[in-house]
Amino acid sequence: METIAVRIEGLVVSYGSFVAVENLSFAVKNGEIYGLLGPNGAGKTSTIKVLVGVLQPRAGKVEIYNTPISNEVEAKSQIGYVPEEVVLLDSLTPREFLEFTASIRRLDTNTVNSRLERFASAFEFKQYFDTPIAALSMGNKQKVAILAAMLHDPKLLILDEPLIGLDARSSKILKELITFHAKKGGAVIFSTHIMEVAEKLCTRVGIINKGKLVGEGTVDDLRKLVRSAEGSLEDIFLKVTEQEAGMQDIIKALEEE
Amino acid sequence: MKFSELWRLSSTVYKEVSFQSIFSLRAGSGLPQSGRRDIKQLVSSAKFNTLISKLVTSVFLAIFAITVFIPILFSDMGPSIPREIAIPGGISAFLTVVLFLIVFMGLQMSTSFVSSKIVDVLSPLPLSKRDISRIVFLCFLRIFDIPLVSAAVVFLAVFFFIGGSVLGGIVSLTGIVVTEIFALTLTVLLAKFFYAKVARAGGRSIFQTILRFMFMLVWIIPTFAAYFVVNFAREIVIAFATLTQGLASVSQTIVLIYPFSYGFLVSYAAFLSKIDYLALSLSVVASAAYVLLAYYCLRWVTGTVREIGTSAVTRSAREIVKDTIIKPQIPWVGIIRKDIRVASRSPSYASLFLLPVVQTVVLAVTFSSFSEIGPATALGLLTGISLLTLLLPPTLLSIEGLASAYTKHLPLRKRTLIAAKTLVATTTYIVSIIILTAVAFFIGKDFAAIATFGVIHTFSVAAAIMLEITILLRKFWKEGFAVGNIYSRITTYIMILIPGYIFAGIPMALAFLSFFLLPAFVLPVFLVAAAVEFALMTLVVLYQK
């Protein structure tokens, strides 16, 4: 029987009177890379923040490996998270920051250091270990967040736009790591705006628009949904999110200017 | 660009800096889960808090003027100190307080000035470097506007109240303006030095750690100095009088030193009939030299303040890294190490951390004049220190807000967090007790009462800290510990402190009661009350998930 890594049922997230996520439901199984797609402000990051316990939902059921997210410590222990906007403790160095996260996670010194050595080498990050995070470039800050997310070998990886700021080499390594993690039996929830990456990497995708899930399945499933046999994920995405209509007129108007 | 335009632009920059000072948004605290209207409310409360902070500094100056400065000027210093000595002494003390209070306030604000990276935002706009410098400088002035104006107003008001002349008023105004320019210069100098040399040095070496600790001490000097002058203004004036009444050469040397040169000059220009022409000439020359120095300082500040508003100030030289080894600790030790590391690189946290210790040093100097230190004195001293220590928990918890949009996803238990923060805050209290006991021991006073009551009261203070943090966690665990969440509502802040103060005060009150009713039972009553509080709060904390 396949293990359900994440189960979301009837999720509602609101900011004051504004409803960002409305009655959202989906599940992610072990071994899956689930792509969460949607236009800006669709509710992807709000959904992810609820999953990692950063944001409180107004309603709905959220479980991580059958553990309700309200059981915070147990649920969070199973997650590795890379946020969309990487804002870490800027005055610390990566070494100090990773030491802090490893302490909170009660990680064993030997195990964590051998993992860290491998990841730091893979991302060519060793040279920045004693530089304050405030002084790092956006891509290198992203690498710190990725290292912190991988440090405890989590069962579930939740990555919100993880490729932003990464150079080509690091992007490639991260994509390989994500694939390897899923093959090993872990689960990945991955949010991105790069449709080509989602199409190549994800086992299934869920498209959110205006806080609602408007399409879900493999790319082939979605092609059937929009009745397009040839379309790329980008075309499907634009159709499903009702952004295709009028697009040509807008482009034309911009060209004429 | 016209001045009016620069002034208008500096207003926008200022709004951003004051917003940063409260919310540390870019530090990742994340806003509370609110709607647009709530965010507007938070913005206006940021403005309100900045205004309050300025007013507090101004009111403090006014109170100092009324309670210390005026009595000194009215020569309420005993028969041995004539008015012509008391006046320059008092004026010098006032100028010193203004200098250090403004520096203290400026250092608190510099963190937000740096974190706003406002020059990075302005640089891509079609503005010349000179205009950017001027905008940032005007914004910097806006931070201090009310205290700068009120210092001058209070000083002149006191001066004319005691019957100063117009000429003396002009000299006074010059003195206060020079002082304010020196204060701004010192602020920028310290901030620049700190961010360039300390905050951006991430090194692991013991040397770097010692260097950071030394700079933490440098940062608290203005705090300490302001506190010291306010508390010991009379003693300083007496010491000053003793010096100047002694050797003439000493008096002539002092006249050359800021702020005494202005003290003498104002006093000559306004009050004195008996004139020492040599001292007068020296004070005129020295004061003129300080005006010239202030002019150059002003030019330097205008050009340099831009540098602390850019991201470049925190850029660091890369070190040679030998390994990637980390040493994870148990969670509460991990939190404490992180807190200390953050505080040692953030001036506003560093100074707040060391405030109880500063107060203890001042208290230690005070009680050195007491004839004996009995239980009543000991309890009084402990009350003072505990009041200041109990201000720490909200500050300590606000460190968790610095990157809460990230750290909130970590599997952290409430009780671990409470234990770590309680230990840090209680340690500052213990350090204070050790200082007091050591001073009592070295000056040959009976230190037993302080040591005994101090050790027992530590349990009560620890319980009060646990109580404050538990309340804070109940309110902000879900919402997040953003600095803005805690400090934007003054009512919340007060509602957290009051229970803490009550908790720490209960054993004190019972001990005082016992002192009158059953004097033999003061210590047992105190011990039982503190122990019960500690046990109760430990149980509450253990119950937290």
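Predicted model: local features only at pLDDT ≥ 70, side-chain atom pairs only at ≥ 80, totals over all residues.
Trainee: Why is B:Ala86 called buried?

Mentor: B:Ala86 has 24 other C-beta atoms within 10 Å. The cut-off for a buried residue is 20 or more, and B:Ala86 is therefore buried. This residue belongs to helix 3 (residues 83–116) of chain B.

Trainee: How far apart are B:Ala86 and B:Ala531 in sequence and in space?

Mentor: They are 445 residues apart in sequence and, from C-alpha to C-alpha, 50 Å apart in space.

Trainee: Why does A:Glu124 count as partly exposed?

Mentor: Inside 10 Å, A:Glu124 has 14 C-beta neighbours. A residue is buried at 20 or more and exposed at 12 or fewer, with partly exposed in between; A:Glu124 therefore counts as partly exposed. The loop between helix 4 (109–122) and helix 5 of chain A holds A:Glu124.

Trainee: Why is A:Lys210 described as partly exposed?

Mentor: The count for A:Lys210 is 16 other C-beta atoms within 10 Å. A:Lys210 is placed in the loop between strand 9 (204–209) and strand 10 (212–217) of chain A.

Trainee: Why are helix 3 and helix 5 of chain A called roughly parallel?

Mentor: Helix 3 (residues 94–104) and helix 5 (residues 138–150) of chain A pack at an angle of about 30 degrees, and their axes are 10 Å apart. Angles under 35 degrees count as roughly parallel, so these two helices of chain A are roughly parallel to each other. The crossing of helix 3 of chain A past helix 5 of chain A is right-handed.

Trainee: Which residues meet where helix 3 and helix 5 of chain A pack?

Mentor: From helix 3 of chain A come A:Pro94, A:Phe97, A:Leu98 and A:Thr101, and they meet A:Val144, A:Leu147 and A:Ala148 of helix 5 of chain A. By class, this contact has 6 nonpolar residues, 1 polar residue and no charged residues.

Trainee: Which residues have the most contacts inside the largest nonpolar core?

Mentor: That core has 143 residues, and those with the most contacts inside it are A:Leu88, A:Leu147, A:Ile158, A:Val188 and A:Ile189. Helix 17 (residues 448–476) of chain B gives the largest share of this core, 16 residues. Another core, of 88 residues, lies apart from it and includes B:Leu9, B:Leu107, B:Phe159 and B:Leu282.

Trainee: Which residues does A:Ile158 touch?

Mentor: Not counting residues up to four places away in sequence, A:Ile158 touches A:Ile48, A:Leu51, A:Val52, A:Ile79, A:Tyr81 and A:Ile189.

Trainee: How many residues of chain B are in contact with chain A?

Mentor: In chain B, 46 residues are in contact with 49 residues of chain A. Helix 11 of chain B supplies the largest share of the side of chain B that touches chain A, 6 residues. That side of chain B divides into 17 nonpolar, 13 polar and 16 charged residues.

Trainee: What kind of peptide bond joins B:Tyr258 and B:Pro259?

Mentor: The bond is cis, with omega about 0 degrees. B:Pro259 is located in the loop between helix 8 (248–256) and helix 9 (260–270) of chain B.

Technical notes. Residues numbered from 1 in each chain as written. Chains lettered and ligands numbered in written order. Contact = placed C-beta atoms within 7 Å. Helix = DSSP H or I, 4+ residues; strand = E, 2+ residues; numbered from the N terminus. Nonpolar A, V, L, I, M, F, W, Y, C, P; charged D, E, K, R; others polar. Core = buried A, V, L, I, M, F, W, Y, C linked by C-beta atoms within 7 Å. Axes fitted to C-alpha atoms, helices over the stretch in contact; angles between N-to-C directions. Parallel < 35°, antiparallel > 145°, perpendicular 65-115°, else oblique. Left-handed = near helix turned anticlockwise from the far one by under 90°.
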